[in-house]
Amino acid sequence: MPGNLYSAFVEGTVKGWKVATQNMLPNVVIAFALITMLQTSGLLDGLGRVCAPVMAAFGLPGEAVTVLISTWFSAGGGVGAAAGLYSHGILNSAHVSILMPAIFLMGAQIQYAGRILGVAGINPRHYPVLYGIGILNAALAMLTMRFFV
Amino acid sequence: MSDSCVSRRPLPLSAYAALIVTIVFFSGALAGAPGILGSLDFTTVSGSFGKIAGDFTFLGKGGGGARYGFLFALSLVPGIMLALGVVEVAERMQALHAAQKLLTPLMKPLLGLPGSAGLALISSLQSSDAGAAMTKDLHDKGLLSEKEKTVFAAFQFSSASSVTVYLSMGVALFPFLCVPHLLPLGVILFYKIAGTNLMRLYLHFAKRNREAL
């Protein structure tokens, strides 16, 4: 049994290595590069100003919208964007905590539409509602997290 | 492994113990606890990189862009490996089946789904692909109606593979949180259930509207 568990542990860490290097790392590198592009071009400031009123409802600065946009494409990108904005001092730990559940609740919807809804054979008529529920979950979760930070 | 054979065989106590220890391990509840208990903490066991020039890790200071992103991502790799290693051990000790057993009676009241979908539900928290394939299989066997399948999809689609993704990608943000590490995961699971019930309501009213026409 202990040998069996040890081999399970090794299997798991190998899985972790694969997820980390193939899914997480490329997405984080791209997210950091994009944040830097947005920042040096001044677009991040503009985006932040435009989205500030909406994001303020969630207790977040306007720039945090880039986390939500990135995560919609890939959760790894959302995580990377949050870490990038944190390292630039634009987000603090309260902001990251508020964003944390939302990053996953609305994460990678396009990718999962194929992998979950497609595989399970869900009627495409329901796709818009399913997308909407994911985004609504994220919005409500951000409001909920405001009480904990 | 079919779900019927899983539910009939009694689970060893070690399965429940593994489930509880795994949850405690990732919760951060034992961080800084004295003696053996303190060693059962994810952040403690993940450890830290050595310091360079007194204050900094190999990430240094003032980096940015793709290069900094690469080093940052690299610094997360050990934590992800450790997390998924622990999850795999817990799974081998049947912690997932213990969770399924505890959950089965709650399926109908919480989600409006039959208890037979319990294994698919627990699997979907670990692997969205396994969950989706099992959902299709349950439907093909007549254990889930078309409506139940759609309701179940709402659960799986928002925060897919919740536990695995949270304990791999999410680990990256653990150091920046000002709340207990597992609290956001609890909020995620709460809204997955809430969203599933929203889907139930929607399908209920969509059907009524069609009948009214």
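Why does Lys192(B) count as buried? Lys192(B) has 28 C-beta neighbours inside 10 Å and therefore counts as buried; a residue is buried if 20 or more other C-beta atoms lie within 10 Å of its own, exposed if 12 or fewer, and partly exposed in between, with C-beta atoms placed from the backbone. The model is a predicted one, in which local features need pLDDT of at least 70, side-chain atom pairs count only at pLDDT 80 or more, and totals for chains, interfaces and linings use all residues. Residues are numbered from 1 along each chain as its sequence is written, and chains are lettered from A and ligands numbered from 1 in the order in which they are written.

Lys192(B) sits in helix H12 of chain B, residues 183–212. Helices (H or I, at least four residues) and strands (E, at least two) are DSSP runs, numbered from the N terminus. Neighbours within four places in sequence aside, Lys192(B) is in contact with Phe155(B), Ser158(B), Ser159(B) and Ser162(B). Contact here requires that the C-beta atoms of two residues, placed from the backbone, lie within 7 Å. Between the C-alpha atoms of Lys192(B) and Ala117(B), which are 75 residues apart along the chain, the separation is 16 Å.

Chain A can be described as a whole. It has seven helices and zero strands, which gives the pattern α-α-α-α-α-α-α along the sequence. The C-alpha trace of chain A spans about 55 × 40 × 30 Å along its principal axes. Of its 149 residues, 48% count as buried. Among the contacts in chain A with a separation of 6 or more, 66% join residues 24 or more positions apart. One local feature of chain A is Ala108(A), in the loop between H5 and H6. Ala108(A) is not a glycine, yet its phi is positive, at about 50°. It counts as buried because it has 26 C-beta neighbours inside 10 Å.

Next comes the interface. In it, 59 residues of chain A are in contact with 57 residues of chain B. On the side of chain A that touches chain B, two or more residues each come from helix H1 (2–41), helix H4 (75–87), helix H5 (93–105), helix H6 (109–120) and helix H7 (127–145) of chain A. H1(A) gives the largest share of that side, 21 residues. By class, the side of chain A that touches chain B has 38 nonpolar, 18 polar and three charged residues. For this count Ala, Val, Leu, Ile, Met, Phe, Trp, Tyr, Cys and Pro are nonpolar, Asp, Glu, Lys and Arg are charged, and the others, Gly among them, are polar.

The largest nonpolar core has 105 residues, and those with the most contacts inside it are Ala82(A) and Leu99(A). Such a core is a set of buried Ala, Val, Leu, Ile, Met, Phe, Trp, Tyr and Cys residues joined through C-beta atoms within 7 Å. Helix H5 of chain B, residues 65–92, supplies the largest share of this core, 13 residues. Residues up to four places away in sequence not counted, Ala82(A) touches Val67(A), Leu91(A), Val96(A), Leu99(A), Ile103(A) and Leu173(B).

Helix H5 of chain B also holds Val87(B), which counts as buried with 25 C-beta neighbours inside 10 Å. Val87(B) touches Gly12(A), Thr164(B) and Leu167(B), again not counting residues up to four places away in sequence. In the loop between H5 and H6 of chain B lies Gln94(B). Its phi is near 70°, a positive value in a residue other than glycine, and Gln94(B) is buried, with 20 other C-beta atoms within 10 Å.

The axes of helix H2 (residues 13–27) of chain B and H6(B) come within 7 Å and cross at roughly 95°. Axes are lines fitted to C-alpha atoms, for helices over the stretch in contact, and angles run from 0 to 180 degrees between N-to-C directions. H2(B) and H6(B) are therefore roughly perpendicular to each other; angles under 35 degrees count as roughly parallel, over 145 as roughly antiparallel, 65 to 115 as roughly perpendicular and the rest as oblique. Ala15(B), Tyr16(B), Ala18(B), Leu19(B) and Thr22(B) of H2(B) make the contact with Ala95(B), His97(B), Ala98(B) and Ala99(B) of H6(B). These residues divide into seven nonpolar, two polar and no charged.

The other crossing pairs H6(B), residues 95–103, with helix H8 of chain B, residues 118–126; the axes come within 9 Å and cross at roughly 130°. H6(B) and H8(B) are therefore oblique to each other. Leu96(B), Ala99(B), Gln100(B) and Leu103(B) in H6(B) meet Gly118(B), Leu119(B), Leu121(B), Ile122(B) and Gln126(B) in H8(B). The contact comprises six nonpolar, three polar and no charged residues.
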